[in-house]
Amino acid sequence: MTSSPTGIIASLPFRAKLTVLTGSSVALALLLACFGLFGLQFQTDRTLASQRHAQLASVIASNVGPAVLFGDHEVAFETLASADAIKDVHVVEVVLNDGEVFSQYVRPETDPATQSVGKELFQSEIVIDGERVGSLRMQVAHRTIFDIIAETWGAILGLFLLCLALATLVSRVLNQMAFRPIEQLVEAMRSIERSGNFAMRLPPEHDRDFAVISTSFNSMLSVIERSSEALKKNANDLREARDEAEQASTAKSQFLANMSHELRTPLNAILGYAEVLRDELGRNGSEQSLEDVQWIHTSAQQLLELINGILDLSKIEAGKMELDCHDFKIGDLVGEVGKMLEPLAAQKDNRVSVHVAKDLGRARTDSVKVRQALLNLGSNACKFTEAGQIIIAARRAGQDAAITVSDTGIGMSEETIARLFEPFSQADTSTTRRFGGTGLGLAITQRFAEILGGRIEVDSKVGIGSSFTLIIPLYAEGSEGRPEGSALMGTPSSTTLAGRLVRDSRQPLALVIDDEPSATQLITRIAEQAGYQVLAAEDGASGLSLMRQHEPSLVLLDLSMPHCDGWEVLAAVEKDDALSKIPVVVVSVSDEERRTYDAGASDHLTKPISSQQIKEVLDQYAQRRSGRVLLVENDPATAALYSRGLQQMGYDVSVVYNGEAAIGLLQSDEFEIVVTDLDMEGTCGFELIENISQIPRDARPSVFVVTGLSLEDAQSDRLEDQVVRVFAKNGLSPRRLAMEIADRSMPAHPSQKVA
């Protein structure tokens, strides 16, 4: 594809354009001048030739007269032949009055066939003694313009080239004159760009036309210099304001977090003792007191929800809310939310219905935050609806999941919707008085949606109902937390609650390490009811001393303690082979679950905790499990974490790091349980599971999968026929893994108590 001349010229730099256009204009003018010169010369030559030929015809006519009079043809021919000296003359003839040609001369080189072509005819009468005897006719061939060009082209071309060279020289001089101020301007701009100095100025220009450019540029620099100084000052002010705002925000978030933690500690005791009193009053039949205690428990639970909301909001605003992404069936999660909302809906005679599209499939995101967001939306729907219907509909929208929670409640106006997601904001005071609430739920839900990479859409009409649609990507990126190591510090500074312990080998021993007396007494009371002997320490150093001395069956550890905190205890246990065999369950107001698992904890319970949670942990570790477990995990840190948790439950654990080694070990030894990852080098988990499925059923071990992969539906369906259960690796505690294996693989052995 060829470019047009206009396009080529348009692509040239301006300086080249100016040179080309100037040269072209001069060349065209010279060319036209040359053509004009040729035309003028042609016209002049034609006029002069006509005059000359007319005179020649008159002279020959007067000379040939006597020859015609005497009839002398020879003399007449000689007279006509005298015109041979004039090359333009081709034919000369004498014609008598009767039209007879008396004599004729034809130039020898003239072609008779073209004698009259392109010729001019001159006539002159032949008069003798006043009497006309005939006429002279002369045919003349004038020179053409091409003849003239052929004669003069060399001189004209030389003149043309000389003029063109002069025009080019003048064009270059003009370019330099025109571009000099522009080049100065460009150089000044580059200098300012390099130095950032807006104080420099262009020198004065003597040419009045160019002086406008330099003066305007200097004026612009003055304005920029003043603006730059103002911007620097404003930037400094904004930077200081930003730093102050960040410090204030950090202080606020830290205050809210610390205050929430401080409030959780007494709330833990209130909730725990309320549950204990409720159980005791229920056994004693004290209905009135039981109702009072129930009100205490309910109020404390509401206060806990408020504190949790404030803490979540402060963590979100401080940018410390992390994602814990794992693979799960989003339809199952929506179904669980529907079942959890049914009791709440029934309190106001509402009905809950759940609809999940078949193509919704699986998701890889933070299921905890998705569940919490849907529970917040569903709780609001139940709160503002009476004798109506709550509909939860989940569908796929491209690469997103769209989950709509609709109700037939009181609805909202546009003004209400505009401030709906502001913290501590509700519809109006009458709504707050009628339905209660803090106004944090929707604000936190919107923040969760944004953290997950999605959004919330609202549609509502007063008196008809509301629809909230949570739209989140099916696949979101999670973040990994890392524990911070610490050295053990401090010295023992506490004693046991029971004084000198007399160990009963028939009872398991629990060690409670917590500096809060109310929390220690509550856990001690629940543990004793579960059949445990109990030791207590109020700091980490004392707790480590008691662990080495008594080797307890279970350690319940707080993190925030003076002198030696829980992190230091976990670090010391990790380094001590004897202590690492003891299961440590963290019970703390801190919610850094990932960090505690990485530090070696078997589980993490966040205060306030219910007595049921404590009982579940105590019951699990009160019974010794048996069986051989093959753990296949390519990550050594994860393998060590799960191996220790299973060994603490009583299992005999063998660890390999790839599927090929696992297949070899299965061929030479027997195992009741196989726990495997899927993503491994060489022989992957799918191939290992396929190999295990070929083992005879009576000798085939139970297979559990712990993976971080996002599984396709076909892969999940295939694994469902070959394994007992698939766990998402993110957030899976060693205790939870051991508990699931114990519940699904074989019965416990109650007779085998922990020594």
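Predicted model: local features only at pLDDT ≥ 70, side-chain atom pairs only at ≥ 80, totals over all residues.
The charged end of Arg628 is placed over the ring of Phe671, at 4.5 Å from its centre, where a charge is taken to sit over a ring if NZ of Lys or CZ of Arg is within 6 Å of the ring centre and within 35 degrees of the ring normal. Arg595 likewise lies over the face of Trp567, 3.8 Å from the ring centre. Residues are numbered from 1 along each chain as its sequence is written, and side-chain values use heavy atoms, with hydrogens and water left out.

Two aromatic pairs are counted under the rule that ring centres of Phe, Tyr and Trp (its six-membered ring) lie within 6.5 Å, with planes under 30 degrees apart classed as stacked, over 60 as edge-to-face and the rest as tilted. Phe704 and Phe727 form a stacked pair, at 6.4 Å centre to centre and with 15° between the planes. Because Phe704 belongs to strand β20 (residues 702–707) and Phe727 to strand β21 (residues 725–728), the pair ties together parts that are 23 residues apart in sequence. Both Phe704 and Phe727 are buried, that is, under 20% relative accessible area with a 1.4 Å probe and protein chains only, exposed being over 50% and partly exposed in between.

A nonpolar core is a set of buried Ala, Val, Leu, Ile, Met, Phe, Trp, Tyr and Cys residues joined through side-chain atoms within 4.5 Å. The largest such core has 40 residues, of which Tyr651 and Val675 touch the most other members, and helix α16 (residues 611–622) gives the most to this core, with five residues. Apart from it lies another core of 36 residues, including Ala373, Ile390, Met412 and Ile472.

An open sheet of four strands has the order β2-β1-β4-β3 with antiparallel pairing, strands (E, at least two residues) and helices (H or I, at least four) being DSSP runs numbered from the N terminus, and pairing requiring at least two DSSP bridges. Since β2 and β3 (120–128) stand at the edges with a single partner strand each, one side of each is left without a neighbour in the sheet. Strands β1 (residues 89–96) and β2 (residues 101–106) pair over five bridges, with Val101 in β2 as the bridge partner of Val95. These two strands form a hairpin with four residues between them, and Gly99 in the turn has a positive phi of about 90°.
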